[in-house]
Amino acid sequence: MNPEDFFRPWEAVANNWREALDHIGSIIDISTSDRDLAWRGVADSTYALHSSIYRRIAKKTGSLPDEASIIAFEQELLKSARRKWRFDNQSALETLAHLQHYGGPTRLLDVSFNPLVALWFAVEQKYDEEFSAKADKDGRMFVFDVTGRQVVLDNRWGGRDLPWASPIPGWSSELPYVWRPPSYNARIPAQNSGFLVGGVPQVFAGRNARYRKGPGDGTSAGTWSIDDVRQSTSVTLTMNVSNRALRQTSKPTFTLRIAAEAKPEIREQLEKRYGFNSASIYPDLYGLAQYGANGIDAS
């Protein structure tokens, strides 16, 4: 299953800076002011919407993980963090957030509450192992309606145990939750960042229409199997096109593909007009070190 097949029927396409802004504006306009949106950008449109723990287990075992295997991995990781590394003074969710920051495998998906930050990630210049700039590929933005799905660090979400180790209604069948973490590091406020968190998608009898293969009335386009869904996303989604009015009760996910040839112009405009560059997005010593490795042409 190619994740692009899953997302392509729902995507808008931006071939330049102006079209990118227009599509972002359209999504904001149809979402209305009472909806909360979270944005994610990836530099390669072929990437699945998979968390790092999902990818890690799939690579190691050769098959896509289920919810039980992810929870088992998380519990073992938390036990090691507390017993061996002595990170014993914070909640499970906060521990996972710190692990995410340092590249550890978690189910958290990075998002931003600023669409231009997500756009920057979708057009970010990538480098190879020889510190040379890679050729641009089509990028992708995702937009999630997270209205009413905000995490508060209460007794469940702020406790020592995994919040989802005991059942949460709709955990694997409803849309993911979103958490706005405190400013644990400089990147969180710089990127206006948050985390999506949800269970591995499941489909129950009569609910498969959530995963239609494309826009249309009813299920005329057909529906994806749950295996196809999991090849494309590790959280539950309800895909929508961005040029159609929304029902009041809908909780849509939108996607925007950024053409490779548009990326240089968009990078230039984001820096010139809004000041987004490697220093503003990665304002810590790790960001400076990476810039030293990749961003300076010493030839």
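Lysine 79 is partly exposed, at 36% relative accessibility, a class that lies between buried (under 20% relative accessible area) and exposed (over 50%), computed with a 1.4 Å probe on protein chains only. The side chains of glutamate 76 and lysine 79 meet in a salt bridge with an N to O distance of 3.4 Å; the term denotes a side-chain nitrogen of Lys or Arg within 4 Å of a carboxyl oxygen of Asp or Glu. Because the two residues are three apart in helix H4 (residues 67-83), about one helical turn separates glutamate 76 from lysine 79. Helices (H or I, at least four residues) and strands (E, at least two) are DSSP runs numbered from the N terminus.

The model is predicted, with local features requiring pLDDT of at least 70 and side-chain atom pairs counted only at pLDDT 80 or more, whereas totals for chains, interfaces and linings use all residues. Residues are numbered from 1 along each chain as its sequence is written, and side-chain values use heavy atoms, with hydrogens and water left out.

Over the whole structure, the search finds 17 salt bridges. Side chains of opposite charge can pair when their charged atoms come close. One of the bridges joins arginine 18 and aspartate 22 at 4.0 Å, N to O. These residues lie four apart in helix H2 (residues 17-31), so about one helical turn lies between arginine 18 and aspartate 22. Arginine 18 is partly exposed, with a relative accessible area of 49%, and aspartate 22 is partly exposed at 42%.

A further salt bridge connects the side chains of aspartate 44 and lysine 137 (3.6 Å, N to O). This pair links distant parts of the chain, 93 residues apart: aspartate 44 is in the loop between strand S2 (37-42) and helix H3 (52-61), and lysine 137 is in the loop between helix H6 (115-123) and strand S4 (139-145). Aspartate 44 is buried, at 8% relative accessibility.

Strand S2 is largely enclosed by the rest of the structure, because six of its six residues are buried. Both faces are covered, with Leu37, Trp39 and Gly41 buried on one side and Ala38, Arg40 and Val42 buried on the other. S2 and S4 run antiparallel and are joined by six bridges; strands pair if DSSP finds at least two bridges between them. Within this pairing, arginine 40 stands opposite phenylalanine 142 in S4.
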